[in-house]
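Where do charged side chains pair up in this protein, and which parts of the chain do such pairs connect? The paragraphs below go through some of these contacts.

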Amino acid sequence: MTVITDNINIINTKIRELEQQYNRTPCSVKLLVVSKTRSIADIEKAIAAGQKSFGENHVQEAIAKIQALPENIEWHFIGPIQANKTRAITEHFSWVHSIDRLKIAQRLNDQRSENLPPLNICIEINVSEETTKSGINFTELPKFASQISKLPHLKLRGLMAIPEPTDDIATQRANFHKVATAFHDLQNAGFNIDTLSMGMSDDYEAAIAEGATIIRLGTAIFGPRIK
Ligand SMILES: *Cc1c(COP(=O)(O)O)cnc(C)c1O
């Protein structure tokens with residue numbers, strides 16, 4: 001077996017262990033493999049280990065891979081979105097995790113083909129609430145969520161967050177807890193959402209502890225990115 005194949009198996013085992021350790025429902029945490037900057041050959045190794053969903057953050061780079069790889073792969077767009085890229089995103093992806101502007105959501109909605117199922121959407125939350133970072137602030141979230149949920153060709157699935165990196169697991173958990181609380185508040189307000197996309201290679205344990213349903217891992221699967 002290749003290292004990549006091994007890593008997929010090791011991480012999946014680890015996810016099942018963490019679900020148990022943190023009293024999560026078995027198989028409630030899904031691995032999204034972040035394949036940005038990685039070669040088609042490396043992605044094929046992950047596919048050979050049974051992996052079916054991949055995350056990309058550059059449209060052009062992603063389309064080349066999507067066209068070269070099997071059709072049953074589920075592609076998730078996880079990066080910042082320029083308005084002139086929305087059409088390509090609606091044509092090639094089934095999920096977008098990085099929605100923080102209504103204008104972009106409206107374009108995705110208007111451009112999504114009637115022949116395809118609604119595009120699955122996560123709203124990106126700005127956990128640390130710095131003005132420079134992408135994401136919606138907690139106070140703006142309820143209004144933004146109701147605007148998104150009115151768009152018929154989008155399906156609001158939940159929230160995504162990229163908290164500031166820190167080695168302190170208590171701080172990691174506190175940040176993820178805030179996102180999970182906002183998620184449950186939306187559910188209690190009547191939003192039919194099921195997805196908490198949070199946790200990367202360096203903080204996925206804390207994310208699972210706090211309720212993540214999708215963790216997005218690149219480095220833990222493929223090793224350090226060179227580009
Ligand atoms: C690159 C990236 C990841 C994966 O990061 P790793 O630290 O390599 O696991 C996850 N989410 C987003 C949005 C990314 O851009």
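Asp194 and Arg157 form a salt bridge, with 3.0 Å between the closest N and O atoms. A salt bridge here is a side-chain nitrogen of Lys or Arg within 4 Å of a carboxyl oxygen of Asp or Glu. Asp194 sits in the loop between helix 7 (169-188) and strand 7 (195-198), while Arg157 belongs to strand 6 (residues 154-161), so the pair ties together parts that are 37 residues apart in sequence. Helices (H or I, at least four residues) and strands (E, at least two) are DSSP runs, numbered from the N terminus. Asp194 is partly exposed, at 41% relative accessibility. Buried stands for under 20% relative accessible area, exposed for over 50%, and partly exposed for what lies in between (1.4 Å probe, protein chains only).

The model is predicted: local features need pLDDT of at least 70, side-chain atom pairs count only at pLDDT 80 or more, and totals for chains, interfaces and linings use all residues. Residues are numbered from 1 along each chain as its sequence is written, and side-chain values use heavy atoms, with hydrogens and water left out.

Elsewhere, Glu56, Glu61 and Lys65 are linked in a network of salt bridges. Lys65 pairs with Glu61 at 2.8 Å, N to O; both lie in helix 3 (residues 59-68), four residues apart, about one turn of the helix. Lys65 also pairs with Glu56, where the closest N and O atoms are 3.0 Å apart. Lys65 is buried, with a relative accessible area of 5%, and Glu56 is buried too, whereas Glu61 is partly exposed at 24%. Over the whole structure, the search finds seven salt bridges.
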